[in-house]
Structure formats: C-alpha cells, structure tokens
Amino acid sequence: MFDALDVIWRNLPFLIVQGFLGFGSFVGGTLRLAIPAIVLGFLLGIFIGIGRLAPQPWIRIPATLYVEFFRGVPLVMVIFWMWFVVPLVLKRSIPEFGVALTAFVIFEAAYFGEIVRAGIQSVPRGQVEAATALGLSGAQTMRQVVLPQALKNMIPSLVTQIIVLFKDTSLASIIGFVDLTKAAQIVNNREIRPFPIYLFIAVVYWMCTYSMSRYARYLERRIGPA
Amino acid sequence: MNYRFDWSILWTGESGRWLLSGLITTLELSVLAWLLAVVLGIVSGALRTVKLWPLRAAATFYVEFFRNVPLLVWMFFWYFAVPPLLPEPIREFLLEHSLEFWAAVCALGVYSGARFSEVLRSGIQSIPRTQFEASVASGLTTLQAYRYVILPVALRLIIPPGTSESLNLLKNSSVALTISVAELTFQTRQIETYTAKAIEALTAGTVIYLVLCLSLASIMGWVERRTAIPGLITGGRRRR
C-alpha cells in the first residue's frame with residue numbers, strides 16, 4: 001500500500017508537470033492540447049452550426065455532409081488521417097502537437113456544430129423577426145440577438161462535449177504525444193506497477209471531468225432555462 | 001502533393017482478408033461489449049432511481065467514476081493492471097485465449113455501461129411517477145413494477161439516445177488497437193505498414209465505419225417507428 005503511494009509520489013512531478021501540464025523535455029501535455037482544441041473546435045463549430053441552418057443549399061449541404069461524416073467515423077481514424085495526410089499536403093513533417101490539434105479541432109467541430117445548431121433553433125422565431133423589423137442585417141441579427149441567447153441554452157450540452165473532448169485528448173498518446181496517459185505509460189514501463197499508476201491517472205482525469213460537470217450543473221441552476 | 005495513388009493494393013495481396021478479419025473482430029468486440037454495457041446500464045440505471053440509498057450510492061459511484069475517465073485509460077487498466085490480480089489458473093487461461101480481446105471487451109463494456117446508465121435513468125425519470133405508484137397500488141412489488149411497467153416503456157423511450165450511444169460504442173471500439181486487438185483500425189494500419197499506401201488504406205477503413213454507422217442508424221430509426229407507443233411517443237420522426 002505505502003509502496004504503491006511511493007511509486008506515485010516519486011513520479012508525481014513527471015506525471016503532472018510533463019503529462020498533465022506539458023512542461024518538460026517531451027512535447028506533450030493534456031491541458032496544452034485540450035485548451036486550444038476546445039477554443040478552436042468551438043469557433044469552427046459555430047460556423048458549421050450556422051452553416052447547417054443556412055438558406056443557401058451550397059452552404060447547407062457541405063456543412064451537413066461534414067457533420068454526418070465526422071460523426072460516423074472514430075476519432076482514432078481521424079487522428080491517423082491527419083498523421084499521414086497533413087505532412088503529405090504541406091510537404092514537410094509536422095510535430096505531434098500540430099497533428100493532434102488539427103485532428104481534434106476538425107473532429108470536435110462536427111459535434112460542436114450540432115450543439116450550436118440545436119442552440120440556435122431553440123431561440124424563438126419571433127426574436128429574428130423582431131430584429132429584422134428593427135432593421136438589423138442578417139449577420140447583425142445572428143451576432144447580437146440570436147447567438148447570445150443560443151449560447152445560454154447551449155451551456156449544458158456544451159460542457160458535456162468539452163468533457164468528452166478533454167477525455168478524448170488521451171488518444172493523442174497513440175501518435176506519441178506525451179500527455180497524461182502517455183506519461184503514465186512511460187512511468188509504468190520503468191516501474192512495472194500498472195495498478196497504482198493507471199488508477200492514479202484515472203483519479204486525476206476524474207477530478208477534472210467531475211468538477212467540470214458539477215460546475216455545469218451549478219451554471220444550469222443559476223442561469224435557469226431561457 | 002506528389003502522391004501516387006494505387007487503389008489496387010486494396011484487392012491484391014492480403015489486404016482484403018485483413019480488412020474482413022478486422023471488421024469481424026470489430027463487430028465481435030462491439031457486440032460482446034454492447035451486451036455487457038446493456039446489462040450494466042439497465043441494472044445501474046434502474047438502481048439509481050430506487051429508494052434504498054446504499055444501492056443508489058453504489059450505482060452513482062459506478063456511473064460517475066467510469067464515465068468520467070478516458071476509455072484509453074480503462075483499456076490500459078484492464079489490460080495491464082487487472083490480470084496480475086487474478087488467480088494464477090485464470091490468468092494462464094486468459095493469456096492463451098487472447099487476453100487483449102477480453103480486456104477490451106471489459107473496458108469498452110464497463111465504460112459504455114456507465115454511459116447507457118445515464119440514458120436509461122433519464123428515460124425512467126421521464127415516465128410520470130404516477131405510473132410507478134399505480135403499479136404498486138395495484139399490487140405489484142417494486143421489482144415487478146420495474147420489470148412489467150417502467151422498463152418496457154423506458155426502453156422504448158430511449159431508443160434514439162440509446163442508438164447514438166451504441167454507435168459511440170462501435171466507434172470507440174477502435175481504441176482497442178492501443179492494446180493490439182486486431183480490429184478494423186488496427187488492420188487498416190497494418191495495410192498501411194505493408195504497402196506504404198496510407199490514403200488508400202485509411203479510405204477503406206473509414207468507408208467501412210461510415211457504412212456500418214449509417215446503416216445501423218437507419219435500422220434503428222425503423223425499429224423506433226415500429227415500437228413507438230401511440231400517444232406517448234411522437235412517432236419516429238423527431239430525431240436530433
């Protein structure tokens with residue numbers, strides 16, 4: 001028991017500083033990948049969500065195909081695609097961080113897009129009509145009237161998706177990105193103590209995701225349904 | 001981009017056989033994990049709505065812990081950390097009978113079970129409480145009320161979210177390649193390794209996943225319309 005704690009204690013700096021935060025001799029870090037992936041994925045998701053509701057078919061159909069395609073393919077597959085195709089297109093090798101970030105942004109944008117679409121559709125039609133009657137242009141209506149209200153309705157499913165993305169960043173370890181999971185593998189190869197090491201990182205992941213879901217529940221109650 | 005396409009690698013050599021065996025392994029893994037997940041999901045989802053608090057707490061712990069940790073961590077956990085704890089004869093047996101496959105079934109099944117549980121719980125909670133009270137009043141025990149009144153309705157209500165969770169399970173089975181289960185993604189990578197034709201190999205794997213997911217989704221849409229309870233569920237049209 002104490003022995004198990006000792007294994008964790010000795011490797012704690014590597015697991016947390018290198019694996020979780022991403023500072024150290026390896027390219028890695030769960031947070032360093034998760035935060036930009038969430039921000040960029042959501043930004044791309046807004047465009048895709050709006051695109052799915054566009055009246056012009058040449059915007060709507062590609063956006064719909066994008067969503068249906070990425071929701072029907074495993075993330076692991078998308079990561080491998082990026083791993084092989086991005087260097088081919090750019091004609092030079094890309095660090096793991098770039099590959100993983102591209103894969104996550106492109107993949108998660110499909111899911112964020114669906115959330116944005118549902119959020120926009122939850123805003124009553126009358127709001128758009130009122131904004132138009134006041135003389136706002138389409139883009140103005142979207143930015144100043146619809147999106148702020150939609151965002152509020154999206155918060156619960158948005159946080160759920162952020163939690164999913166946070167957990168998914170562990171998959172970056174399969175292309176050698178040293179995140180928390182990969183750091184645990186490296187430590188385990190040295191120590192051969194799988195039980196305490198994997199249980200420990202499970203608890204670290206759990207603390208992050210569970211606190212996020214608690215915070216989401218709190219937000220939901222405070223803001224209330226629109 | 002000076003990449004020379006050579007699609008013939010997909011039907012020459014071993015590729016076809018590899019893809020087929022990968023597809024079969026993916027399906028076997030998904031079906032077994034799905035059965036485990038459904039059992040765990042129904043039991044824990046139902047337990048989370050009962051009155052007895054120790055049962056509720058145990059089910060809540062299971063759901064909140066297993067659902068909130070990445071599947072990849074569970075794969076490693078079941079593959080590396082659990083076997084040394086098993087008794088010697090069982091471990092020997094598993095080592096000879098594809099340990100990685102059963103570890104993947106456990107990891108995927110237990111993880112997805114926690115997710116199914118949430119789906120089922122929301123299904124049960126959407127049934128008016130009076131249904132349960134009425135069945136108890138007409139003489140059913142709690143177990144009978146769940147078995148004959150609550151669950152049959154709840155299971156129909158959750159077909160749409162249950163389908164999307166099942167498709168998640170199917171897609172998540174690709175994570176098993178990290179513990180070297182020879183499923184579809186693993187075989188796709190193998191073709192790439194042998195032929196150095198990444199785009200062709202990945203296209204084949206991707207198309208198979210897409211076909212699987214889209215056809216399952218449309219079959220379940222049909223099932224949903226067939227099993228809809230008139231008046232309770234508004235047809236099968238309104239899908240998110």
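Two residues count as being in contact when their C-beta atoms, placed from the backbone, lie within 7 Å. Keep that in mind for chain A of this predicted model: among its contacts between residues at least 6 apart in sequence, 71% join residues at least 24 apart.

What is chain A built from? Its secondary structure consists of nine helices and zero strands, so that reading from the N terminus gives the order α-α-α-α-α-α-α-α-α. The C-alpha trace of chain A spans about 70 × 50 × 25 Å along its principal axes. Of the 226 residues in chain A, 42% are buried.

Now turn to chain B and a pair of its helices. Two packed helices are described by the angle between their axes and the distance between the axes. In chain B, helix α1 covers residues 15–47 and helix α9 covers residues 184–195; their axes come within 7 Å and cross at roughly 160°. Because angles over 145 degrees count as roughly antiparallel, that crossing makes α1(B) roughly antiparallel to α9(B). The crossing of these two helices, α1(B) and α9(B), is right-handed.

Which residues bring α1(B) and α9(B) together? On the α1(B) side they are Ser15(B), Trp18(B), Leu19(B), Ser21(B), Gly22(B), Leu23(B) and Thr26(B). Across from them, α9(B) contributes Leu184(B), Phe186(B), Gln187(B), Gln190(B) and Ile191(B).

Terms used
Residues are numbered from 1 along each chain as its sequence is written. Chains are lettered from A and ligands numbered from 1 in the order in which they are written. This is a predicted model: local features need pLDDT of at least 70, side-chain atom pairs count only at pLDDT 80 or more; totals for chains, interfaces and linings use all residues. Axes are lines fitted to C-alpha atoms, for helices over the stretch in contact, and angles run from 0 to 180 degrees between N-to-C directions. Helices (H or I, at least four residues) and strands (E, at least two) are DSSP runs, numbered from the N terminus. Angles under 35 degrees count as roughly parallel, over 145 as roughly antiparallel, 65 to 115 as roughly perpendicular and the rest as oblique. A crossing is left-handed if the near helix is turned anticlockwise from the far one by less than a right angle, and right-handed if clockwise. A residue is buried if 20 or more other C-beta atoms lie within 10 Å of its own, exposed if 12 or fewer, and partly exposed in between; C-beta atoms are placed from the backbone.
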